[in-house]
Amino acid sequence: MPMLKDPSTKYKPYTPVNLPDRQWPSRVTTTAPIWLSTDLRDGNQALANPMSIEQKTRFFRQLVKCGLKEIEVAYPAASETDFGFVRGLIEGGEVPDDVWVQVLTPARADLIKRTFESIAGCKNVIIHMYNATAPLFREVVFRNSKEQTIALAVDHTVLVRKLVEEYEQKYGTNFRYEYSPELFTQTEPDFAVEICDKVKEAWARAGTERMKRIIFNLPSTVEIAPPNHYADQIEYFCRHVSEREKILVSLHPHNDRGQGIAAAELGLLGGADRIEGCLFGNGERTGNVDLVTLALNQYSQGVEPGLDFSDIQSVIDTVVYCNDLPVHPRHPYAGELVFTAFSGSHQDAIKKGFESQNRLWSEAESTGGNKYWNMPYLPLDPADLGCTYEAVIRVNSQSGKGGIAYLVKQSLELDLPRKLQISFYAVIQELSEKTGKEMRVEDIVQAFCGTYFYRAPGISLPVTGGLVTMKDGRLDLKSFRFYHGSNAEPMELPEAGVVLDEHRRIVAKVSVDGQVRILRGEGNGPLSALLDSLRANLDLDFQIREYSEHAIGQGAKVLAASYVQVVEQLPGQSSGEGKTYWGVGVDSDIAGSGLKAVISAVNSALRASERKLPEDKKGILYDAKISVGVVEVAKDLKASLGYEVPSRMQRVLFEILQSIGETEGALDSRRVSEVFDAAFVRHDLVTPKPYTFPPTNGMSINGTDEDAAPLKLSLKSFNLKALEQGARQFSGTILFASSNGKGETRTVQGEGNGPLSALLSGLHEHITQRMTIRDFHGHSLGQGSEVMAASYVELVLESEEDQDPTRELQIGSLTNFTVGSWQKRLVADEEREAAEGRKKKVMSSWGVAKDVDITASGLQAVLNAANGLNLTLV
């Protein structure tokens, strides 16, 4: 049957309330209403599969957590399940002392009595009784007159009062009474007032104190008119009912016309005190009014709603689990897309809004003013609901460069210059159109890092399997050093934000197609000197077209980010006519970041052309005259030998290599391997002098001079036994070999909270000194059946007056050699000791071992570290 051409022949319009002097349009909400959740009653009865007891209990706990103080838990006379749930809440102690349990009953004597039985022993109870009052129901469903309808409500209110007095005396329960003229919005306004006055008179207990007031719930059981009509009805009722000061007017809007929220908000302006609804609007047909949206509407207007949705995702999870209904992606405040912008113009506005707000908030913080939220397209701060800003801007083929630049800034803290935004926008557009799907933040970050060969924190190259394959560029700047003009003395690097315009010579260590080479060049600044070195050594001719930089962070940990656009000068082209490429670099000093950006841009050019570069036959790995970075030494060692040297150990290795390089000259990978084994495995390295940290530190490291290790320990066999509470017992044989070549094998036994501490406990019975574990790291070597475990241990030998209890890190699987909490504890200990002015006189030694058995590698690493501490036998 098609829609009617003239619907007035079938449907009657609502009858407006005659209220010419209505006041609600000029009112403003400034306080929150009383909230009641009816999820467990009205919401539950609307579900295709009603909640189980377990689901109802979880939902009740979530409501309490959100701050609801009045919760309608059931229609207990309707079923044994509902009755049992109410009893379970009470007998299980689930109801806090400040929460009122509300139970619903129709105006029927047997059901009212059963309802009272369900709440016996509860501390705070609201009895909610209803009967239908609209003409349609009086005349068609029940065939009652107005007088009979009033008598039904009055007689059963008298019964409720009688039972209240009985249960008060028997159980000490605090009672309140709520009456609902069902279908209020379809009831004649005068009759609604009349029946409520009669009920109040029959109740005869209403007072002016809040907890003594009778509650008149005026439901929009079926929404049949616009929200302004509901507001008129509420204001009419409030102005005509007697003893308004003894009444709490409650609203129960449904959403049949999709206007439940507006009806509730205008009803509050009409004079209501209380709202009944459900989280996210569950309920019969189109649902009850949504308490979350109502509360957050008030919150976004500066009104404290009295409900807490700081972790809105946990609320969503509970409701979805218990109701077995999804929350729509566009649902206000809760949908996964409500804080998201795909449109390019929207994204640009939000990006600029955040930049402006950051400035305004900084000013407010300095002056002590309020940090007002004023953001395009975002009426509420997602962070207030426990959400992040990551999903505020999402990218598809409709997105603009501003949104993409915002996501890069949020994820990588890189504020791209406008021309680079345009360049990278083209990359993302191509990828988006190719896939036809939304670009996730991780896709954009991966595309950025892959396009500009940028190693973002937490990303190690190569990365495959995404939209962009990320791999290292053909050029990799390992280290560099500048010299003033023709002066051989090196110059200090500038701090971030400082640029020195002087003639420079650069000596740079650069990996070229995997081969480490030394490049030298000159220029009137760092970037031009590097470009000259590329031109002279690799036949790469580029010029700078655009350059910009900014700081990342503040204070001592500030970094410099640089952006460079280069133009390639090919034979036969005039200056500046070639193809351009962008590069990005970040470093702790501005010179380093600029050089990295140049290398990034040149790598883009090399990727595009795949040209062959001139070879270098020198094969220099380490040069004592070149500033080789600590981290770079560790990376080269990993590449050549597979060792992943811990950060604390890198400085020790670096200083040993630098010292040897001063006398031996260039070191190849074979020599580096020999030095590594001699210094940390065998502890028999002979160097011109010992290597120590600055004296203020009070610590010496790996004594590698001729007298460093008169006693050598090696593990022959061992057995570990698990004790109570995770402790371990070590039992094994260890060879104690003295410097004169003599040795003896001893049985060593000890207990500790892990294998390493158990070994140390046993060793302390055989040596005069006491050792503690300062640091431990491990990783796997190789793959498949040939995999081995590599372990790194730093031992500390302390003086007697400063000995601390042995600290132990549990050894996990080969993929679980992280030490996060251990390092934090170590740092905290050092900070505490520094604050107390304590300076320990300690010697430190590193030991390295590898074995097919993970525990054995750790134990032998302890012994190898001990071999560097000049131990003496008991």
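# A guided tour of the predicted model

Begin by selecting helix α7, where F191, A192, V193, I195, C196, V199, K200, A202 and W203 are buried.

**Helix α7 and the residue after it**

Keep α7 selected and display its C-alpha atoms. The helix covers residues 189–203, and its end C-alpha atoms lie 21 Å apart. This agrees with expectation, because 15 residues at 1.5 Å a residue should span 21 Å. Next, select A204, which follows α7 and has a positive phi, near 60°. Most residues other than glycine have a negative phi.

**Two further residues with positive phi**

Select L183, in the loop between β5 (174–182) and α7. Its phi is positive, near 60°, although L183 is not a glycine. Is L183 buried or exposed? At 2% relative accessibility, L183 counts as buried, since the cut-off for buried is under 20%.

Then move to F453, which is placed in the loop between α15 (441–452) and β9 (475–484). F453 is likewise a residue other than glycine with a positive phi, in this case near 50°. With a relative accessibility of 15%, F453 counts as buried.

**Salt bridges**

Side chains of opposite charge can pair when their charged atoms come close. How many salt bridges does a search of the whole structure find? The search finds 37. The next stops show some of these pairs.

Select R61 and E94, whose side chains meet in a salt bridge with an N to O distance of 2.6 Å. R61 belongs to helix α2 (residues 53–66), while E94 is in the loop between α3 (80–91) and β3 (100–106), so the pair ties together parts that are 33 residues apart in sequence. Both partners can be viewed from the surface side: R61 is partly exposed, with a relative accessible area of 48%, and E94 is partly exposed as well, at 22%.

Now select E235 and R239, which form a salt bridge through their side chains at 2.8 Å, N to O. What separates these two residues along helix α8 (residues 227–240)? They are four residues apart, and therefore separated by about one helical turn. E235 counts as buried at 1% relative accessibility, whereas R239, at 40%, counts as partly exposed.

Continue to D273 and R244, a salt bridge in which the closest N and O atoms are 3.0 Å apart. This pair links distant parts of the chain, 29 residues apart: D273 sits in the loop between α9 (260–269) and β8 (274–277), and R244 in the loop between α8 and β7 (247–253). The relative accessible area of D273 is 22%, which makes D273 partly exposed; R244, at 21%, is also partly exposed.

To end this group, select E70, R176, E178, R274 and E276 together. These residues are linked in a network of salt bridges.

**Patches on the surface**

Switch to a surface display and select E304, D308, D311 and D317. What do these residues form on the surface? They gather in a patch of negative charge. Within this group, D317 lies in helix α11 (residues 312–323) and is partly exposed, with a relative accessible area of 39%.

L136 lies in helix α5 (residues 135–141), and its relative accessible area of 48% makes L136 partly exposed.

**A final stop in strand β13**

Finally, select V566, a residue of strand β13 (residues 559–568). Is V566 buried or exposed? V566 counts as buried, with a relative accessibility of 0%. V566 and K579 are 13 residues apart in sequence, and their C-alpha atoms are 8.3 Å apart in space.

Terms used
Residues numbered from 1 in each chain as written. Predicted model: local features only at pLDDT ≥ 70, side-chain atom pairs only at ≥ 80, totals over all residues. Heavy atoms only, no water. Patch = residues over 30% accessible without salt bridge, like charges linked within 9 Å, V, L, I, M, F, W, Y side chains within 5 Å. Areas by Shrake-Rupley, 256 points an atom, 1.4 Å probe, with all protein chains shown as cover. Salt bridge = Lys/Arg side-chain N within 4 Å of Asp/Glu carboxyl O. Lys, Arg positive; Asp, Glu negative; His and termini not counted. Charge placed at Lys NZ, Arg CZ, Asp CG, Glu CD. Buried < 20%, exposed > 50% of the residue type's maximum accessible area, 1.4 Å probe, protein only. Expected span 1.5 Å × (residues − 1).
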